[in-house]
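Here's a quick tour of a model, written for someone who likes the cut-offs spelled out. Have a look at the structure, then read on.

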Amino acid sequence: MTTPEDTGVFVQISRPEGLEDDTSTRTPEQGAKTPEEGPKKRRRLHPAWAVAAVAFLALVGAAGFRAAPGVLMVPLQQEFGWSTTVLSSAVSINLVLFGLTAPFAAALMERFGIRAVTAVALGLIGAGSALTVLVNQSWQILLTWGLLIGLGTGSMALVFAATIANTWFTKSRGLVIGILTAGSAAGQLVFLPFIAMLAQDPGWRQASLLIAAGALAVVPLVLKFLKNSPADVGALPYGAEEPSGAGEGTTAVAPAGAANGTGGGNTDRGNAADEAAAEPRRNAAVRALQVFRRASRNRTFWALAAGFAICGATTNGLIGTHFIPSAHDHGMPETTAAGLLAVVGIFDILGTIASGWLTDRFNPRILLAVYYQFRGIGLLVLPLLLGSSVQPSMIVFVVIYGLDWVATVPPTAAICRQVFGADGSVVFGWVFAAHQLGAAAAALAAGAIRDATGHYTYAWLGAAAMCTIAAVISATIRKDAGRRKPVAVAVASVD
(Lines give C-alpha, C1' and ligand atoms only; values in the text may rest on other atoms or scores of the structure.)
Protein backbone atom coordinates (compact mmCIF):
# COMPACT_ATOMS: atom_id res chain seq x y z
CA MET A 1 0.00 0.00 0.00
CA THR A 2 1.40 3.36 -1.00
CA THR A 3 1.74 5.87 1.78
CA PRO A 4 1.94 9.62 1.49
CA GLU A 5 5.59 9.37 2.40
CA ASP A 6 6.14 6.95 -0.51
CA THR A 7 4.52 9.36 -2.87
CA GLY A 8 6.72 12.17 -1.69
CA VAL A 9 9.84 10.06 -2.20
CA PHE A 10 8.73 9.20 -5.76
CA VAL A 11 8.27 12.85 -6.70
CA GLN A 12 11.64 13.77 -5.22
CA ILE A 13 13.45 11.08 -7.24
CA SER A 14 11.73 12.03 -10.50
CA ARG A 15 13.19 15.52 -10.34
CA PRO A 16 16.51 16.28 -12.07
CA GLU A 17 19.58 15.86 -9.89
CA GLY A 18 20.74 19.00 -8.18
CA LEU A 19 17.32 20.62 -8.15
CA GLU A 20 15.82 18.95 -5.06
CA ASP A 21 16.31 21.90 -2.76
CA ASP A 22 15.30 24.45 -5.37
CA THR A 23 12.18 22.71 -6.57
CA SER A 24 10.88 21.78 -3.15
CA THR A 25 9.53 25.29 -2.78
CA ARG A 26 8.07 25.54 -6.30
CA THR A 27 4.35 25.61 -6.84
CA PRO A 28 2.76 22.93 -9.08
CA GLU A 29 2.24 25.56 -11.76
CA GLN A 30 5.97 26.35 -11.86
CA GLY A 31 7.11 22.76 -12.08
CA ALA A 32 10.74 21.70 -12.22
CA LYS A 33 12.77 22.88 -15.18
CA THR A 34 15.96 21.45 -16.54
CA PRO A 35 18.71 23.90 -17.44
CA GLU A 36 17.98 23.28 -21.10
CA GLU A 37 14.27 23.93 -20.74
CA GLY A 38 14.56 27.36 -19.17
CA PRO A 39 15.73 29.25 -22.27
CA LYS A 40 13.09 27.57 -24.41
CA LYS A 41 10.36 28.69 -22.08
CA ARG A 42 11.67 32.26 -22.25
CA ARG A 43 11.77 32.32 -26.06
CA ARG A 44 9.62 35.22 -27.17
CA LEU A 45 9.50 34.45 -30.89
CA HIS A 46 8.93 30.88 -32.03
CA PRO A 47 11.53 29.86 -34.64
CA ALA A 48 8.72 28.92 -37.02
CA TRP A 49 8.12 32.61 -37.65
CA ALA A 50 11.77 33.19 -38.58
CA VAL A 51 11.57 30.28 -41.04
CA ALA A 52 8.34 31.70 -42.47
CA ALA A 53 10.04 35.09 -42.94
CA VAL A 54 12.94 33.56 -44.89
CA ALA A 55 10.48 31.48 -46.92
CA PHE A 56 8.59 34.67 -47.76
CA LEU A 57 11.79 36.30 -49.03
CA ALA A 58 12.61 33.20 -51.06
CA LEU A 59 9.22 33.35 -52.73
CA VAL A 60 9.75 37.05 -53.46
CA GLY A 61 13.08 36.26 -55.10
CA ALA A 62 11.60 33.43 -57.15
CA ALA A 63 8.66 35.54 -58.32
CA GLY A 64 10.63 37.80 -60.64
CA PHE A 65 9.98 35.71 -63.72
CA ARG A 66 6.27 35.59 -63.01
CA ALA A 67 6.21 39.29 -63.86
CA ALA A 68 8.48 39.00 -66.90
CA PRO A 69 6.68 37.33 -69.86
CA GLY A 70 3.96 39.92 -70.27
CA VAL A 71 6.50 42.75 -70.16
CA LEU A 72 9.21 41.14 -72.31
CA MET A 73 6.96 39.64 -74.97
CA VAL A 74 6.60 42.79 -77.07
CA PRO A 75 10.34 43.70 -77.01
CA LEU A 76 11.28 40.16 -78.04
CA GLN A 77 8.77 40.27 -80.88
CA GLN A 78 10.15 43.58 -82.07
CA GLU A 79 13.78 42.40 -82.01
CA PHE A 80 13.42 38.85 -83.37
CA GLY A 81 10.08 38.92 -85.19
CA TRP A 82 8.77 35.93 -83.26
CA SER A 83 5.00 35.43 -83.21
CA THR A 84 2.84 35.60 -80.11
CA THR A 85 2.27 31.85 -80.47
CA VAL A 86 6.01 31.11 -80.28
CA LEU A 87 6.50 33.15 -77.13
CA SER A 88 3.29 31.78 -75.65
CA SER A 89 4.70 28.29 -76.26
CA ALA A 90 7.75 29.14 -74.15
CA VAL A 91 5.50 30.41 -71.38
CA SER A 92 3.33 27.29 -71.68
CA ILE A 93 6.34 24.99 -71.26
CA ASN A 94 7.32 27.01 -68.22
CA LEU A 95 3.85 26.76 -66.73
CA VAL A 96 3.60 23.01 -67.38
CA LEU A 97 6.92 22.36 -65.66
CA PHE A 98 5.98 24.89 -62.98
CA GLY A 99 3.05 22.64 -62.18
CA LEU A 100 4.35 19.13 -62.84
CA THR A 101 7.53 19.73 -60.82
CA ALA A 102 5.55 20.75 -57.73
CA PRO A 103 4.49 17.33 -56.37
CA PHE A 104 7.96 15.90 -56.94
CA ALA A 105 9.48 18.96 -55.29
CA ALA A 106 7.29 18.37 -52.23
CA ALA A 107 8.56 14.80 -52.03
CA LEU A 108 12.15 15.96 -52.58
CA MET A 109 11.76 18.40 -49.68
CA GLU A 110 10.72 15.49 -47.49
CA ARG A 111 13.68 13.42 -48.72
CA PHE A 112 16.54 15.95 -48.87
CA GLY A 113 15.21 18.86 -46.83
CA ILE A 114 13.48 22.13 -47.61
CA ARG A 115 16.69 24.15 -47.57
CA ALA A 116 18.60 22.17 -50.22
CA VAL A 117 15.70 21.98 -52.67
CA THR A 118 14.92 25.67 -52.30
CA ALA A 119 18.54 26.72 -52.89
CA VAL A 120 18.81 24.59 -56.04
CA ALA A 121 15.50 25.95 -57.33
CA LEU A 122 16.62 29.55 -56.92
CA GLY A 123 19.85 28.68 -58.70
CA LEU A 124 17.94 27.30 -61.69
CA ILE A 125 15.80 30.44 -61.90
CA GLY A 126 18.89 32.63 -61.79
CA ALA A 127 20.69 30.56 -64.44
CA GLY A 128 17.70 30.49 -66.77
CA SER A 129 17.16 34.23 -66.50
CA ALA A 130 20.82 35.08 -67.00
CA LEU A 131 21.19 32.79 -70.03
CA THR A 132 18.18 34.43 -71.66
CA VAL A 133 20.37 37.39 -72.64
CA LEU A 134 22.27 35.09 -75.04
CA VAL A 135 19.28 33.82 -77.04
CA ASN A 136 18.94 34.57 -80.74
CA GLN A 137 16.75 31.69 -81.91
CA SER A 138 13.27 30.66 -80.84
CA TRP A 139 14.27 27.21 -79.55
CA GLN A 140 16.66 28.87 -77.09
CA ILE A 141 13.88 30.85 -75.44
CA LEU A 142 12.03 27.54 -75.03
CA LEU A 143 15.08 26.22 -73.18
CA THR A 144 15.62 29.19 -70.86
CA TRP A 145 12.10 30.47 -70.23
CA GLY A 146 10.60 27.01 -70.53
CA LEU A 147 12.92 24.30 -69.17
CA LEU A 148 15.32 25.93 -66.71
CA ILE A 149 13.03 28.54 -65.20
CA GLY A 150 10.09 26.13 -65.31
CA LEU A 151 11.96 23.56 -63.21
CA GLY A 152 13.16 26.22 -60.80
CA THR A 153 9.87 27.99 -60.29
CA GLY A 154 8.10 24.62 -60.08
CA SER A 155 10.26 23.68 -57.12
CA MET A 156 9.40 27.05 -55.56
CA ALA A 157 5.71 26.77 -56.39
CA LEU A 158 2.88 27.30 -53.93
CA VAL A 159 3.46 23.77 -52.64
CA PHE A 160 6.55 25.26 -50.97
CA ALA A 161 4.27 27.48 -48.90
CA ALA A 162 2.09 24.50 -47.97
CA THR A 163 5.15 22.44 -46.99
CA ILE A 164 6.49 25.20 -44.75
CA ALA A 165 3.10 25.67 -43.09
CA ASN A 166 2.47 21.96 -42.56
CA THR A 167 5.99 21.30 -41.23
CA TRP A 168 6.40 24.27 -38.92
CA PHE A 169 2.86 25.14 -37.84
CA THR A 170 -0.11 23.37 -36.32
CA LYS A 171 -1.83 26.64 -35.42
CA SER A 172 -2.75 29.43 -37.87
CA ARG A 173 -1.76 27.36 -40.89
CA GLY A 174 -4.27 29.06 -43.15
CA LEU A 175 -2.92 32.48 -42.22
CA VAL A 176 0.67 31.35 -42.78
CA ILE A 177 -0.13 29.87 -46.20
CA GLY A 178 -1.86 33.12 -47.08
CA ILE A 179 1.17 35.19 -46.04
CA LEU A 180 3.63 32.95 -47.91
CA THR A 181 1.46 32.85 -51.00
CA ALA A 182 1.45 36.62 -50.91
CA GLY A 183 5.23 36.40 -51.34
CA SER A 184 4.74 35.73 -55.03
CA ALA A 185 2.51 38.78 -55.26
CA ALA A 186 5.11 40.81 -53.39
CA GLY A 187 7.73 39.61 -55.86
CA GLN A 188 5.56 40.79 -58.72
CA LEU A 189 5.14 44.13 -56.99
CA VAL A 190 8.90 44.48 -56.44
CA PHE A 191 10.07 43.39 -59.89
CA LEU A 192 7.36 44.38 -62.33
CA PRO A 193 7.82 48.18 -62.47
CA PHE A 194 11.60 47.84 -62.77
CA ILE A 195 11.34 45.12 -65.42
CA ALA A 196 8.98 47.32 -67.43
CA MET A 197 11.31 50.31 -67.22
CA LEU A 198 14.42 48.32 -68.06
CA ALA A 199 12.65 46.60 -70.98
CA GLN A 200 12.16 50.02 -72.59
CA ASP A 201 15.53 51.52 -71.70
CA PRO A 202 18.17 50.12 -71.81
CA GLY A 203 16.49 46.88 -72.93
CA TRP A 204 15.01 43.49 -72.12
CA ARG A 205 18.41 41.88 -71.48
CA GLN A 206 19.02 44.07 -68.44
CA ALA A 207 15.53 43.17 -67.21
CA SER A 208 16.45 39.47 -67.46
CA LEU A 209 19.62 40.05 -65.46
CA LEU A 210 17.57 41.80 -62.77
CA ILE A 211 15.41 38.68 -62.43
CA ALA A 212 18.53 36.51 -62.14
CA ALA A 213 20.01 38.78 -59.47
CA GLY A 214 16.80 38.76 -57.46
CA ALA A 215 16.69 34.96 -57.35
CA LEU A 216 20.37 34.47 -56.54
CA ALA A 217 20.43 37.16 -53.84
CA VAL A 218 18.13 35.10 -51.62
CA VAL A 219 20.24 31.91 -51.75
CA PRO A 220 22.61 32.87 -48.87
CA LEU A 221 19.65 33.63 -46.61
CA VAL A 222 18.09 30.28 -47.45
CA LEU A 223 21.30 28.36 -46.72
CA LYS A 224 21.83 30.20 -43.44
CA PHE A 225 18.37 30.52 -41.92
CA LEU A 226 15.87 28.19 -43.62
CA LYS A 227 15.76 25.18 -41.29
CA ASN A 228 14.26 21.92 -42.48
CA SER A 229 12.10 21.08 -39.45
CA PRO A 230 11.39 22.13 -35.85
CA ALA A 231 13.55 19.22 -34.69
CA ASP A 232 16.58 21.01 -36.15
CA VAL A 233 16.25 23.71 -33.50
CA GLY A 234 14.91 21.50 -30.70
CA ALA A 235 11.36 22.80 -30.86
CA LEU A 236 7.86 21.66 -31.56
CA PRO A 237 5.82 23.15 -34.43
CA TYR A 238 4.19 26.43 -33.57
CA GLY A 239 0.95 25.75 -31.71
CA ALA A 240 1.70 22.05 -31.10
CA GLU A 241 0.90 20.64 -27.69
CA GLU A 242 3.64 19.26 -25.50
CA PRO A 243 4.04 15.47 -25.49
CA SER A 244 1.44 13.81 -23.31
CA GLY A 245 4.13 12.48 -20.96
CA ALA A 246 5.72 15.87 -20.42
CA GLY A 247 5.45 17.30 -16.99
CA GLU A 248 7.69 17.89 -14.01
CA GLY A 249 11.21 16.74 -14.59
CA THR A 250 10.86 16.33 -18.34
CA THR A 251 11.86 18.54 -21.22
CA ALA A 252 9.00 19.85 -23.32
CA VAL A 253 10.96 19.65 -26.54
CA ALA A 254 10.87 16.20 -28.09
CA PRO A 255 11.97 16.43 -31.66
CA ALA A 256 11.59 12.78 -32.46
CA GLY A 257 8.11 12.63 -31.11
CA ALA A 258 7.20 15.82 -32.82
CA ALA A 259 8.40 14.56 -36.11
CA ASN A 260 6.61 11.28 -35.85
CA GLY A 261 3.42 12.60 -34.45
CA THR A 262 3.82 10.68 -31.19
CA GLY A 263 4.29 13.68 -29.04
CA GLY A 264 0.79 14.70 -28.06
CA GLY A 265 -2.86 15.03 -28.81
CA ASN A 266 -2.68 17.43 -31.73
CA THR A 267 -5.00 15.98 -34.37
CA ASP A 268 -3.06 17.51 -37.25
CA ARG A 269 0.09 15.65 -36.24
CA GLY A 270 -1.31 12.35 -35.03
CA ASN A 271 -1.47 9.02 -36.78
CA ALA A 272 -1.26 10.59 -40.21
CA ALA A 273 2.16 11.97 -39.36
CA ASP A 274 3.23 8.48 -38.24
CA GLU A 275 2.35 7.20 -41.69
CA ALA A 276 4.30 9.99 -43.37
CA ALA A 277 7.36 9.46 -41.20
CA ALA A 278 7.97 6.06 -42.77
CA GLU A 279 7.83 7.45 -46.32
CA PRO A 280 10.13 10.47 -46.70
CA ARG A 281 13.24 8.32 -47.13
CA ARG A 282 11.75 6.57 -50.12
CA ASN A 283 12.53 7.69 -53.63
CA ALA A 284 10.87 11.07 -54.00
CA ALA A 285 9.41 10.29 -57.43
CA VAL A 286 7.96 7.01 -56.18
CA ARG A 287 6.36 8.71 -53.19
CA ALA A 288 4.85 11.45 -55.36
CA LEU A 289 3.36 8.91 -57.75
CA GLN A 290 2.04 6.73 -54.93
CA VAL A 291 0.35 9.74 -53.35
CA PHE A 292 -1.22 10.60 -56.70
CA ARG A 293 -2.55 7.06 -57.02
CA ARG A 294 -4.14 7.23 -53.59
CA ALA A 295 -5.55 10.71 -54.06
CA SER A 296 -6.95 9.95 -57.51
CA ARG A 297 -9.44 7.56 -55.92
CA ASN A 298 -11.08 10.46 -54.09
CA ARG A 299 -13.63 12.67 -55.85
CA THR A 300 -12.55 15.66 -53.78
CA PHE A 301 -9.12 15.52 -55.40
CA TRP A 302 -10.59 15.79 -58.89
CA ALA A 303 -12.91 18.61 -57.84
CA LEU A 304 -9.99 20.56 -56.42
CA ALA A 305 -7.83 19.83 -59.47
CA ALA A 306 -10.53 20.96 -61.91
CA GLY A 307 -11.19 24.18 -60.01
CA PHE A 308 -7.49 24.91 -59.65
CA ALA A 309 -6.88 24.30 -63.37
CA ILE A 310 -9.39 27.06 -64.10
CA CYS A 311 -7.74 29.20 -61.43
CA GLY A 312 -4.41 28.88 -63.23
CA ALA A 313 -5.97 29.57 -66.60
CA THR A 314 -7.50 32.83 -65.39
CA THR A 315 -4.43 34.13 -63.50
CA ASN A 316 -0.97 33.08 -64.74
CA GLY A 317 -2.25 31.88 -68.09
CA LEU A 318 -4.32 34.90 -69.14
CA ILE A 319 -3.88 38.00 -66.99
CA GLY A 320 -0.26 37.30 -66.04
CA THR A 321 0.82 36.54 -69.61
CA HIS A 322 -1.51 38.48 -71.89
CA PHE A 323 -2.88 41.47 -69.98
CA ILE A 324 -0.01 43.78 -70.97
CA PRO A 325 -0.04 42.76 -74.68
CA SER A 326 -3.82 43.13 -74.72
CA ALA A 327 -3.62 46.59 -73.14
CA HIS A 328 -0.93 47.47 -75.69
CA ASP A 329 -3.35 46.47 -78.46
CA HIS A 330 -5.74 49.11 -77.11
CA GLY A 331 -3.08 51.82 -77.16
CA MET A 332 -2.08 51.70 -73.50
CA PRO A 333 1.67 52.17 -72.83
CA GLU A 334 3.38 49.02 -71.55
CA THR A 335 4.68 50.76 -68.45
CA THR A 336 1.14 51.84 -67.58
CA ALA A 337 -0.20 48.32 -68.03
CA ALA A 338 2.69 46.96 -65.95
CA GLY A 339 1.80 49.47 -63.25
CA LEU A 340 -1.75 48.12 -63.20
CA LEU A 341 -0.42 44.59 -62.71
CA ALA A 342 1.74 45.90 -59.88
CA VAL A 343 -1.43 47.22 -58.23
CA VAL A 344 -2.90 43.73 -58.68
CA GLY A 345 0.13 42.51 -56.75
CA ILE A 346 -0.48 44.96 -53.91
CA PHE A 347 -4.07 43.87 -53.42
CA ASP A 348 -3.12 40.25 -54.00
CA ILE A 349 -1.05 40.44 -50.80
CA LEU A 350 -4.00 41.80 -48.85
CA GLY A 351 -6.50 39.39 -50.38
CA THR A 352 -4.40 36.28 -49.86
CA ILE A 353 -3.61 37.05 -46.23
CA ALA A 354 -7.28 37.82 -45.61
CA SER A 355 -8.22 34.56 -47.33
CA GLY A 356 -5.87 32.66 -45.02
CA TRP A 357 -7.53 34.28 -42.01
CA LEU A 358 -10.98 33.41 -43.36
CA THR A 359 -9.90 29.83 -44.11
CA ASP A 360 -9.06 29.29 -40.44
CA ARG A 361 -12.66 30.27 -39.57
CA PHE A 362 -15.05 29.36 -42.40
CA ASN A 363 -15.87 26.48 -44.71
CA PRO A 364 -13.17 26.54 -47.42
CA ARG A 365 -15.43 25.13 -50.17
CA ILE A 366 -17.79 28.10 -49.82
CA LEU A 367 -14.88 30.50 -49.96
CA LEU A 368 -13.66 28.86 -53.17
CA ALA A 369 -17.06 29.15 -54.83
CA VAL A 370 -17.30 32.85 -53.95
CA TYR A 371 -13.77 33.60 -55.14
CA TYR A 372 -14.24 31.92 -58.51
CA GLN A 373 -17.57 33.60 -59.20
CA PHE A 374 -16.26 37.08 -58.44
CA ARG A 375 -13.30 36.43 -60.73
CA GLY A 376 -15.63 35.39 -63.52
CA ILE A 377 -17.62 38.60 -63.23
CA GLY A 378 -14.42 40.63 -63.49
CA LEU A 379 -13.26 38.82 -66.63
CA LEU A 380 -16.68 39.23 -68.21
CA VAL A 381 -16.46 43.02 -68.11
CA LEU A 382 -12.72 43.34 -68.82
CA PRO A 383 -13.08 43.76 -72.62
CA LEU A 384 -15.25 46.83 -71.95
CA LEU A 385 -12.64 48.40 -69.66
CA LEU A 386 -9.50 48.21 -71.77
CA GLY A 387 -8.51 51.43 -73.49
CA SER A 388 -5.65 53.78 -74.20
CA SER A 389 -5.92 55.40 -70.77
CA VAL A 390 -6.76 54.21 -67.28
CA GLN A 391 -10.36 54.88 -66.29
CA PRO A 392 -11.81 54.58 -62.75
CA SER A 393 -13.64 51.40 -63.78
CA MET A 394 -10.29 49.79 -64.64
CA ILE A 395 -8.99 50.68 -61.18
CA VAL A 396 -12.01 48.94 -59.65
CA PHE A 397 -11.30 45.84 -61.76
CA VAL A 398 -7.64 45.81 -60.75
CA VAL A 399 -8.48 46.08 -57.06
CA ILE A 400 -11.12 43.33 -57.13
CA TYR A 401 -9.02 41.04 -59.29
CA GLY A 402 -6.01 41.61 -57.05
CA LEU A 403 -7.92 40.67 -53.93
CA ASP A 404 -9.04 37.47 -55.70
CA TRP A 405 -5.80 36.63 -57.55
CA VAL A 406 -4.57 33.69 -55.45
CA ALA A 407 -7.07 33.90 -52.61
CA THR A 408 -8.02 30.36 -53.70
CA VAL A 409 -4.73 28.93 -52.39
CA PRO A 410 -5.36 28.86 -48.59
CA PRO A 411 -8.76 27.12 -48.79
CA THR A 412 -7.51 24.66 -51.41
CA ALA A 413 -4.43 23.78 -49.33
CA ALA A 414 -6.62 23.47 -46.23
CA ILE A 415 -8.95 20.96 -47.90
CA CYS A 416 -5.94 18.96 -49.12
CA ARG A 417 -4.54 18.79 -45.60
CA GLN A 418 -7.87 18.00 -43.95
CA VAL A 419 -8.92 15.31 -46.42
CA PHE A 420 -5.57 13.68 -47.22
CA GLY A 421 -3.75 14.12 -43.92
CA ALA A 422 -0.02 13.33 -44.07
CA ASP A 423 -0.17 13.24 -47.87
CA GLY A 424 -1.64 16.75 -47.93
CA SER A 425 1.45 18.66 -49.09
CA VAL A 426 2.18 16.26 -51.94
CA VAL A 427 -1.50 16.12 -52.90
CA PHE A 428 -1.53 19.91 -53.03
CA GLY A 429 1.47 19.62 -55.33
CA TRP A 430 -0.61 17.54 -57.75
CA VAL A 431 -3.54 19.93 -57.47
CA PHE A 432 -1.13 22.76 -58.20
CA ALA A 433 0.11 20.81 -61.23
CA ALA A 434 -3.45 20.99 -62.55
CA HIS A 435 -3.36 24.74 -61.84
CA GLN A 436 -0.32 25.15 -64.07
CA LEU A 437 -1.59 22.84 -66.81
CA GLY A 438 -4.65 25.06 -66.99
CA ALA A 439 -2.40 28.12 -67.06
CA ALA A 440 -0.26 26.67 -69.86
CA ALA A 441 -3.28 25.76 -71.97
CA ALA A 442 -4.79 29.22 -71.50
CA ALA A 443 -1.52 31.01 -72.30
CA LEU A 444 -1.14 29.07 -75.54
CA ALA A 445 -4.81 29.30 -76.50
CA ALA A 446 -4.98 33.04 -75.85
CA GLY A 447 -1.89 33.60 -78.00
CA ALA A 448 -3.46 31.59 -80.82
CA ILE A 449 -6.74 33.53 -80.47
CA ARG A 450 -4.82 36.80 -80.66
CA ASP A 451 -2.98 35.72 -83.82
CA ALA A 452 -6.20 34.46 -85.44
CA THR A 453 -8.58 37.31 -84.56
CA GLY A 454 -6.33 40.26 -83.80
CA HIS A 455 -7.72 40.68 -80.28
CA TYR A 456 -8.19 38.85 -76.95
CA THR A 457 -11.92 39.35 -76.44
CA TYR A 458 -12.90 35.71 -76.91
CA ALA A 459 -10.18 34.65 -74.49
CA TRP A 460 -11.55 36.90 -71.74
CA LEU A 461 -15.16 35.78 -72.26
CA GLY A 462 -14.20 32.10 -72.34
CA ALA A 463 -12.28 32.52 -69.09
CA ALA A 464 -15.32 34.14 -67.45
CA ALA A 465 -17.44 31.11 -68.34
CA MET A 466 -14.81 28.76 -66.92
CA CYS A 467 -14.84 30.63 -63.61
CA THR A 468 -18.57 29.96 -63.25
CA ILE A 469 -17.88 26.27 -63.81
CA ALA A 470 -15.17 26.35 -61.12
CA ALA A 471 -17.58 28.02 -58.69
CA VAL A 472 -20.15 25.27 -59.21
CA ILE A 473 -17.54 22.51 -58.83
CA SER A 474 -16.24 24.02 -55.60
CA ALA A 475 -19.70 24.43 -54.13
CA THR A 476 -20.47 20.74 -54.78
CA ILE A 477 -17.48 19.42 -52.83
CA ARG A 478 -18.96 17.31 -50.07
CA LYS A 479 -19.81 19.31 -46.99
CA ASP A 480 -17.92 16.95 -44.68
CA ALA A 481 -14.73 17.02 -46.76
CA GLY A 482 -13.44 20.20 -45.23
CA ARG A 483 -14.04 18.99 -41.66
CA ARG A 484 -12.62 15.49 -41.86
CA LYS A 485 -9.72 14.77 -39.52
CA PRO A 486 -6.59 13.61 -41.32
CA VAL A 487 -6.13 10.70 -38.94
CA ALA A 488 -9.35 9.17 -40.24
CA VAL A 489 -8.31 9.10 -43.89
CA ALA A 490 -8.13 5.56 -45.18
CA VAL A 491 -6.20 6.34 -48.35
CA ALA A 492 -3.06 7.12 -46.35
CA SER A 493 -2.62 3.44 -45.41
CA VAL A 494 -3.30 1.72 -48.73
CA ASP A 495 0.26 0.54 -49.37
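## Burial and overall make-up

Of the 495 residues in the protein chain, 54% count as buried, where buried means under 20% relative accessible area, exposed means over 50%, and partly exposed is in between (1.4 Å probe, protein chains only). This is a predicted model, so local features need pLDDT of at least 70 and side-chain atom pairs count only at pLDDT 80 or more, while totals for chains, interfaces and linings use all residues. Residues are numbered from 1 along each chain as its sequence is written, and side-chain values use heavy atoms, with hydrogens and water left out.

The protein chain has 22 helices and zero strands; both are DSSP runs numbered from the N terminus, with helices being H or I of at least four residues and strands being E of at least two. Take the contacts (heavy atoms within 4.5 Å) with a separation of 6 or more: 81% of them in the protein chain come from residues 24 or more positions apart.

## Helix α7

Helix α7 covers residues 114-131, 18 residues in total. From first C-alpha to last it reaches 26 Å, close to the 26 Å expected, with the expected span being 1.5 Å times one less than the number of residues. Its buried residues include I114, V117, A121, L122 and I125, and also G126, G128 and S129.

## How α17 meets α20

Two packed helices are described by the angle between their axes and the distance between the axes. For helix α17 (residues 334-359) and helix α20 (residues 409-420), the axes come within 8 Å and cross at roughly 35 degrees. The axes here are lines fitted to C-alpha atoms, for helices over the stretch in contact, and angles run from 0 to 180 degrees between N-to-C directions.

On the α17 side the contact is made by T352, S355, G356 and T359, and on the α20 side by P410, P411 and A414. Sorted by class, that's three nonpolar, four polar and no charged residues. The classes go like this: Ala, Val, Leu, Ile, Met, Phe, Trp, Tyr, Cys and Pro are nonpolar, Asp, Glu, Lys and Arg are charged, and the others, Gly among them, are polar.

## Salt bridges

The count comes to five salt bridges, each being a side-chain nitrogen of Lys or Arg within 4 Å of a carboxyl oxygen of Asp or Glu. One of them pairs R205 with E79, with the closest N and O atoms 2.8 Å apart. R205 sits in helix α11 (residues 204-217) and E79 in helix α5 (residues 68-80), 126 residues apart. R205 is partly exposed at 29% relative accessible area, and E79 is also partly exposed, at 41%.

D423 pairs with R294, the closest N and O atoms being 3.0 Å apart. D423 is in the loop between α20 and α21 (424-453) and R294 is in helix α15 (residues 284-295), so the bridge ties together parts 129 residues apart in sequence. D423 is buried at 3% relative accessible area, and R294 is buried at 1%. D404 and R375 also meet in a salt bridge, 3.6 Å from N to O, and both residues are buried. Salt bridges that share partners join R287, R294 and D423 into one network.

## Cysteines

C311 is buried at 0% relative accessibility, and C416 is buried with a relative accessible area of 0%.
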